[in-house]
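Hi,

Here is the structure I promised to pass on.

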Amino acid sequence: MASTSKWKLPALAVLVVVLLALPQVVRSSFALDIFIRILLFSFIGVAWNLMGGYAKQLSLGHAAYFGLGAYTSTIMQVDFGISPWIGMAAGGIVAMLASLPIGWLCFRLRGPYFTIATIATAQALMLIFLKFRDLAWGAEGTTIPNLGSSPLMLQFETKASYYYVVLGLLALGLLITHRIEPSWMGYYLVAIGEDEDAAEAIGVNAPRVKRDIYMISAFLTALAGTFYVQYIYFIDPATAFSFNISIEAALVSIVGGIGTLWGPVIGTVLLETTSALLQSWLGSSIGGIQLTVYALILIAIILWRPTGLIGIITEAYRRHLRHKPAHT
Amino acid sequence: MLETLAQAVINGLLIGGIYALVSIGVTLIFGVVKIVNFAQGEFVMIGMYISFYLATQFGIDPILSLLISMPVLFVAGVLIQHFLIRRVLGPNDMPQIFLTFALSLLLLNLALMLFTANYRTVHTSYSDEAFHLGGLYIPVAKLIAFVVAMGLSGALWLFLHATDLGKAMRAASQNRDVATLMGINPNRVFAVAFGAALALAGAAGSLLMPFYSAYPFVGQVFVLMAFVAVVLGTLGNVIGALVASLMMGVAESLGIQFVGADSGLIVVFAMLLLTLAFKPNGLGGGRVR
């Protein structure tokens, strides 16, 4: 371990510098859009991974919080003229509060039936926003007023600015994960993920730990929702509560490495790059090709490397170390 | 009013028979193999496309074509169990959930690429016919589907209770280790259970074809309904799933009749959430998981 921690900090510093400099070097709006998507889905994956990865509560309903965050900030902005920065925080709090009753229902089930219950709650929320026009524009949705360059209203003229905002979000998510991982909370989560009954037997208050981590995960996911609708200037229930958001949140974590700090980031880089390449080769004419490829990658990972890409990388690194003469 | 109510109940029971075929498949796999098959709905979809192409290319009646869709899907089930599912059986939930989920994603999107998102229908001589009983209206196609669905459910129940292989399956579902000690080959039992469940889904697809459109997402409606019915009817219980499916069909139909035409899904979610809140162990009681 000593040899790994020696280069960890410099490597992180290099990564930060590269990420900060990237939009200054890359000017193509197409490429920046891909980078923004990668950072955004990494962030959603990191939020999912806190609960889904460490505690193995495999939610496929995180779109619920993404949508609540998106709708909270948009309603506050369009109807009351409140800045989406404040709306973003408010959305996070709404999502946190919503996770309490949703968690109360879903945590009554375990394993696959927990997953099904989370799908149902997210879909039910989407139906509510579709049905009740008075609540939020119904199925047509609404465009978000374009104010030109107004950083205080979370609107920018350049893609680079959006890039830095979402980079900041991802940094926040990773920092929170980094702090939780070695804490009591982190150990409780892993214990619950390994065997919930055994964790409870040795005194872990599993319902409370699950409730708390679900709140944190929901809060972060909601921030991503606000950012996304501000970025695309449009909101409707099908976008904000899209099942694809729930799927991608889980997929990037599993493909990258479930229950690891960097897993969701690595998974997103692979999946989003693949998706961008497919799009530039085939055009967007063939519906379904992207998710077909995602599904094949997922099946391959589950059958051959359930630890994800991170597992493959660390194994390769260990093999490399073994073949090198030992020196300290 | 009373007649409208009776009509809604009949409509619900008829479609509930189809839900039952899907639910029994889900609960059979859950009971015996101990996994939830997220892709069950996609096999209904495949059954529908098989019947659609047999009907349009060779003029085979969609209901008769279940004699083809059932064996095809049975073999598919045995192969999927043998080459995919068998490799992820263990104490860990993640690979099981996401393997069948990935399968669902894969089949759905392949269908989207191969068949496009267009709605496909088959028109049969009996598609528009109906019996009139008093003021009640009973469409022939739905009645045939219901009767065949009940017949297949009964046949499965008989198979589980009267044949050695069926008894072995029930034994394996109660205690896999003891069943293995008694000389039951779990892999064979699992393969048959998975195959039988997929064959039922295929049958559901063929039976639907005379009165329902096929499209890539069609399975999602049925699988959601089945998941709710399986929770409601106590996980792993065949009779429970059957009864709960009929109830779900009736509840959905009453919702459509008295709340609004597109309220079917809302009723389903409401039932799921109410079940979770008040009867998380199913109406029959029993263990969660």
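**What I found**

In chain B, 77% of the contacts between residues at least 6 apart in sequence join residues at least 24 apart; two residues are in contact if their C-beta atoms, placed from the backbone, lie within 7 Å. For chain A, residues 24 or more positions apart account for 75% of the contacts with a separation of 6 or more.

Before going on, a caveat: this is a predicted model, where local features need pLDDT of at least 70 and side-chain atom pairs count only at pLDDT 80 or more, while totals for chains, interfaces and linings use all residues. Residues are numbered from 1 along each chain as its sequence is written, and chains are lettered from A and ligands numbered from 1 in the order in which they are written.

Chain B has 11 helices and 2 strands, taking helices (H or I, at least four residues) and strands (E, at least two) as DSSP runs numbered from the N terminus. Starting at that end, the order in chain B is α-α-α-α-β-β-α-α-α-α-α-α-α. The radius of gyration of chain B is 19 Å, close to the 19 Å the globule rule gives for 289 residues, so chain B is as compact as a globular protein of that length. That radius is taken over C-alpha atoms, and the rule is 2.2 Å times the number of residues to the power 0.38. The C-alpha atoms of chain B fill a box of roughly 60 × 45 × 35 Å along the principal axes.

Chain A comes to 15 helices and 2 strands. Its C-alpha box is roughly 65 × 50 × 40 Å, again along the principal axes.

On burial, 52% of the 289 residues of chain B count as buried, and 47% of the 328 in chain A. Buried means 20 or more other C-beta atoms within 10 Å of the residue's own, exposed 12 or fewer, and partly exposed in between, with C-beta atoms placed from the backbone.

Beyond its neighbours within four places in sequence, B:V228 is in contact with B:M248, B:V268, B:M271 and B:L272.

Finally, the contact between the chains takes 32 residues from chain A and 29 residues from chain B. On the chain A side, α5 (111–131) and α14 (289–304) each supply at least two residues.

Cheers
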